Amino acid sequence: MNHTMKLTIRRVEGAMIRALGLIERRGFAVTSINASENQPSHELELIIGLRSADRSIDVLARQIEKLFDVCSVSLQQQNEPAIRLEESMAC
Amino acid sequence: MMTGAQLLVKALEQEGVETVFGYPGGAIMPVYDALVDSRLDHVLVRHEQGAVLAADGYARASGRVGVCIATSGPGATNLITGIANAYLDSVPLVAITGQVPTALMGTDAFQEVDIFGMTMPIVKHSFLVRDVEDIPRVVGEAFHIASEGRPGPVLIDLPKDITNSSTSQPPLFEVKSKALGGPDPDQVKTACGLIRSAKQPVLYAGGGVGIGRAVDAFRDYAKASGIPVVATLKGLGALPTRDPAFIGMLGMHGNQAANEVVQAADLLICVGARFDDRATGKLDGFAPRAKVVHLDADPAEISKLRHADAALLGDLSQSLASLPTGLSLEPWQRWCAERKHARQWRYDAPGEGIYVPDMLRQVSLADPELIISCDVGQHQMWVAQHCHFNRPEQHLTSAGLGAMGFGIPAAIGAQFADPGARVLTVSGDGSIMMNIQELATINRYQLPIKILLVDNSSLGLVRQWQQLFHGERYSEVDLSDNPDFVAVAKSFGIPGFRVERRTQVAAAIDRLLQSEGPMLAHVCIDPMSNVWPLVPPGQTNDVMLEEQSA
């Protein structure tokens with residue numbers, strides 16, 4: 001299943017890698033990423049394309065939400081066919 | 001003016017820290033210099049893994065945040081196993097590491113590793129301090145994060161130029177403790193409906209009951225509802241293990257009755273547990289007819305592995321207090337009691353050799369208030385099966401990580417947490433060698449820790465699996481060239497004695513537990529002893545292998 005996750009994170013050391021590392025570790029492949037800085041708040045907004053064959057995106061969202069540098073998480077689901085995780089992470 | 005190191009020490013003191021476990025080295029030397037003038041008690045271990053596991057044991061036994069300190073590079077990497085251990089068992093821990101000066105970071109400097117990056121997957125949070133004035137705030141946040149909600153480890157990485165630089169002391173950061181709220185009323189309503197309509201409910205207690213200080217509330221609810229109780233490895237002691245309502249530990253090496261009761265249940269009330277694979281066996285066959293009410297402090301655990309029909313997030317005591325009592329469960333209670341009776345442990349093993357389950361049962365009965373720390377392996381499972389625990393803090397075990405070498409450092413931590421406590425480590429001949437250097441710490445501080453070393457001259461649990469699941473193709477499990485453990489202990493200043501026959505066990509237990517100072521009992525058992533029963537990997541908990549008669 002493909003998903004799009006919007007994350008707002010604090011601009012502190014390690015925040016982005018912590019969020020991205022968690023996404024991959026919990027069984028999702030990152031298929032696209034777009035980052036932009038919100039100037040007034042100095043927060044970073046990430047629009048991340050994700051793919052997983054069998055993991056729950058809602059559980060992932062709650063896991064990311066627990067990170068102390070993450071300000072907000074929202075999800076947008078897309079109905080594209082999923083591919084197997086091993087294929088999606090081919091490396 | 002103060003240095004960053006002095007500021008750190010002052011911040012630790014303000015947090016109420018009394019004891020820290022650590023090992024000095026180059027990049028952390030400013031902190032060790034500041035410790036000279038501090039009222040903090042520093043416990044010098046002999047390996048950084050000993051420091052972090054001792055801090056872990058301190059935290060488990062006391063409920064307070066454990067603190068360990070190490071230098072950069074190898075000092076920091078030696079903490080990693082212990083940080084992972086605290087992460088997987090939700091133990092509140094603050095690990096402080098020295099780091100090379102900021103100007104050298106990223107240059108592959110001497111003793112430089114990116115410990116901040118390396119530990120990201122196994123910390124609840126971490127900080128790399130780049131401004132000396134941030135130290136009090138970071139320490140305050142670290143302690144708050146380590147202990148709030150679902151506890152866990154927090155890393156503070158401190159470059160040497162930061163701890164060496166001076167600052168006028170900024171105001172110390174104060175964190176207002178954030179109390180966990182109560183559960184969502186709609187979910188409570190759903191949960192109450194499920195419980196009232198259940199005919200065969202089971203309370204499934206995890207480590208969260210102890211961690212969340214919900215033992216009293218759990219016991220009150222178990223008693224008022226009359227619902228039978230099973231526990232995970234970390235949930236042992238949520239209800240006293242000798243309580244009639246306690247059926248047993250579930251899972252791979254659990255009690256058969258506990259697994260039977262769970263498999264027959266129509267409702268699981270999961271309290272601070274996380275459907276770990278060692279508890280559930282094959283997940284899609286676990287409690288197949290049961291609906292689930294899940295009580296937890298951590299939102300990420302809800303429906304992670306098993307769908308929750310009702311999720312009560314927040315403080316466990318509040319959630320438990322919202323559940324219905326006065327249930328009519330008589331036929332179910334009777335059936336559970338019958339299963340428990342039918343599956344009770346037997347201690348009449350044939351032969352002259354030492355039967356470890358019976359020995360451990362006797363140890364536990366000889367001193368019901370013992371704090372027992374375990375290493376990892378067969379002896380760990382035997383402790384969980386056969387020792388009795390009146391409260392969760394009595395049982396210190398590396399459950400999630402299964403880290404061999406946990407036992408002795410954890411016992412050291414527990415003894416510092418409560419100097420009056422009677423602390424026993426049960427270890428194996430494989431595990432004890434993983435942190436044997438900490439015998440020097442026991443001797444250095446003259447800690448009265450008792451060590452019960454169960455020696456089967458092999459890596460017993462691996463050997464058992466090779467026997468059962470790998471066609472008896474034994475691969476690298478023979479430890480028959482072990483050292484003379486009594487002589488080893490003696491060389492560390494710890495007296496010891498050897499136990500080889502069943503007839504010696506009672507006197508040995510007495511000698512071990514009655515000794516004034518530290519003592520090692522080296523117990524030699526049959527190398528082919530196995531842990532029974534056993535759910536084979538990949539099977540459901542319906543399939544439990546029993547002891548195969550010789």
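1. The model is a predicted one, and over all chains the count of salt bridges comes to 29.

2. In chain A, Lys6(A) and Glu45(A) form a salt bridge whose closest N and O atoms are 3.9 Å apart. Because Lys6(A) belongs to strand β1 (residues 2-10) and Glu45(A) to strand β3 (residues 43-51), this pair ties together parts that are 39 residues apart in sequence. Lys6(A) is partly exposed at 36% relative accessibility, and Glu45(A) is partly exposed at 27%.

3. A salt bridge also joins the side chains of Arg18(A) and Asp69(A), with an N to O distance of 4.0 Å. Arg18(A) sits in helix α1 (residues 15-25), while Asp69(A) sits in the loop between α2 (57-65) and β4 (70-78), so that the pair links distant parts of the chain, 51 residues apart. Arg18(A) is buried, with a relative accessible area of 5%, and Asp69(A) is buried as well, at 4%.

4. In chain B, the salt bridge between Asp358(B) and Arg361(B) has its closest N and O atoms 2.7 Å apart. Both residues lie in helix α16 (residues 356-366), and because they are three residues apart they are separated by about one helical turn. Asp358(B) counts as buried at 17% relative accessibility, whereas Arg361(B), at 26%, is partly exposed.

5. Salt bridges with shared partners join Lys66(A), Arg150(B), Asp298(B), Glu301(B) and Lys304(B) into one network.

6. Helix α17 (residues 378-386) of chain B is mostly covered, with nine of its nine residues buried; among them are His379(B), Trp382(B) and His386(B).

Conventions:
Residues are numbered from 1 along each chain as its sequence is written. Chains are lettered from A and ligands numbered from 1 in the order in which they are written. This is a predicted model: local features need pLDDT of at least 70, side-chain atom pairs count only at pLDDT 80 or more; totals for chains, interfaces and linings use all residues. Side-chain values use heavy atoms; hydrogens and water are left out. Buried means under 20% relative accessible area, exposed over 50%, partly exposed in between (1.4 Å probe, protein chains only). Helices (H or I, at least four residues) and strands (E, at least two) are DSSP runs, numbered from the N terminus.
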